[in-house]
Amino acid sequence: MLRKYSNHRTQSDNVKLGALTAFSAGMVNVASVTVFFAFTSNITGYYAVFAQELSKGNWYQGAVVLLWILLFFMGSFLSNFVIVQGRGRWSQYISHAIPVILEFLSILFVGLYLDFFYSNSLQETEFLVAALLFAMGLQNGLTASISNSVVKTTHLTGLTTDLAILVSMFSKRQNRQNKALVDKFHLLLTIMTAYVIGGIFGGIGYLYLENGTFYLTCVILLVIALYDFYKLTRVKHLFDRRHKENCTA
């Protein structure tokens with residue numbers, strides 16, 4: 001999922017990455033709506049809220065919303081910055097895994113803060129929403145960067161538009177036999193379904209686990225980060241064993 005970049009990625013790489021990250025984003029979004037009454041996986045609405053607060057002269061609220069937008073921006077910026085600057089310094093896998101680990105730490109911080117320090121004040125809520133928006137910016141920047149913008153998982157506005165366009169294109173028989181279009185349709189449908197299921201899972205999970213829902217999201221992020229580590233370690237082990245067998249033959 002993480003060790004390949006751009007056009008070297010396969011449909012399977014993108015489907016696995018898209019499904020797992022969309023699932024975690026859906027969980028985070030529903031959990032944050034439940035706890036903070038705020039969306040944290042997208043910022044489209046916050047641009048409108050920012051303009052509305054400014055038009056009312058609510059400068060403090062406008063500044064808070066602007067901070068949330070900037071933190072989502074910073075998350076996306078940091079993901080791509082690490083990937084670009086890491087090229088040639090570390091392995092491609094390490095460069096791609098760092099944003100996932102940072103996202104993991106951000107969401108883990110929110111879960112721990114809620115469990116041990118949260119006193120339900122407005123300032124704390126604004127701060128924790130900011131941390132989750134930063135995490136979602138990291139995720140969206142990573143998936144978009146390494147997949148040539150094919151995989152975006154934290155919001156569904158563009159995805160729903162693309163799906164609608166694809167469905168209309170399938171009204172022509174020749175397009176239904178176009179592998180690239182069919183693959184794109186399957187990928188977008190997988191991301192949309194995973195996001196919704198993740199949201200349902202997050203909502204139900206909060207009823208039983210409460211703040212533990214954020215820890216569960218962290219587990220999914222660890223799976224994403226370590227999946228390719230396991231595969232790379234396995235391939236290296238097989239290569240070393242085959243090399244030893246050839247040397248002793």
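Biologist: Leaving aside neighbours within four places in sequence, which residues is isoleucine 107 in contact with?

Modeller: Contact means heavy atoms within 4.5 Å. By that rule isoleucine 107 is in contact with Val28, Leu132, Ala135, Met136, Phe214, Thr217, Cys218 and Leu221. This is a predicted model, in which local features need pLDDT of at least 70, side-chain atom pairs count only at pLDDT 80 or more, and totals for chains, interfaces and linings use all residues. Residues are numbered from 1 along each chain as its sequence is written, and side-chain values use heavy atoms, with hydrogens and water left out.

Biologist: How many helices and strands are there in the chain?

Modeller: Helices (H or I, at least four residues) and strands (E, at least two) are DSSP runs, numbered from the N terminus. The chain has nine helices and zero strands.

Biologist: How many residues does the largest nonpolar core have?

Modeller: In soluble globular proteins, nonpolar side chains tend to be buried together. Buried means under 20% relative accessible area, exposed over 50%, and partly exposed in between, with a 1.4 Å probe and protein chains only. A nonpolar core is a set of buried Ala, Val, Leu, Ile, Met, Phe, Trp, Tyr and Cys residues joined through side-chain atoms within 4.5 Å. Here the largest one has 58 residues, and Ile107 and Phe214 are among those with the most contacts inside it. Helix α5 gives the most to this core, with ten residues.

Biologist: What span should helix α9 have, and where does α9 bend?

Modeller: The expected span of a helix is 1.5 Å times one less than its number of residues. The 37 residues of α9 (212-248) should therefore span 54 Å, and the end C-alpha atoms are 52 Å apart, which agrees. A bend at a residue is the angle between axes fitted to the seven residues ending there and the seven starting there. In α9 this angle is about 30 degrees at leucine 226. The buried residues of α9 include Phe214, Cys218 and Leu221, and the buried residues of this helix pack against α1, α4, α5 and α8.

Biologist: Is glutamate 126 buried or exposed?

Modeller: Glutamate 126, in helix α5 (residues 122-146), is buried yet has no salt bridge. A salt bridge is a side-chain nitrogen of Lys or Arg within 4 Å of a carboxyl oxygen of Asp or Glu. Lys and Arg count as positive and Asp and Glu as negative; His and the chain ends are not counted. The nearest side chain of opposite charge, lysine 56, is 15 Å away. Not counting residues up to four places away in sequence, glutamate 126 touches Tyr60, Val64 and Trp68.
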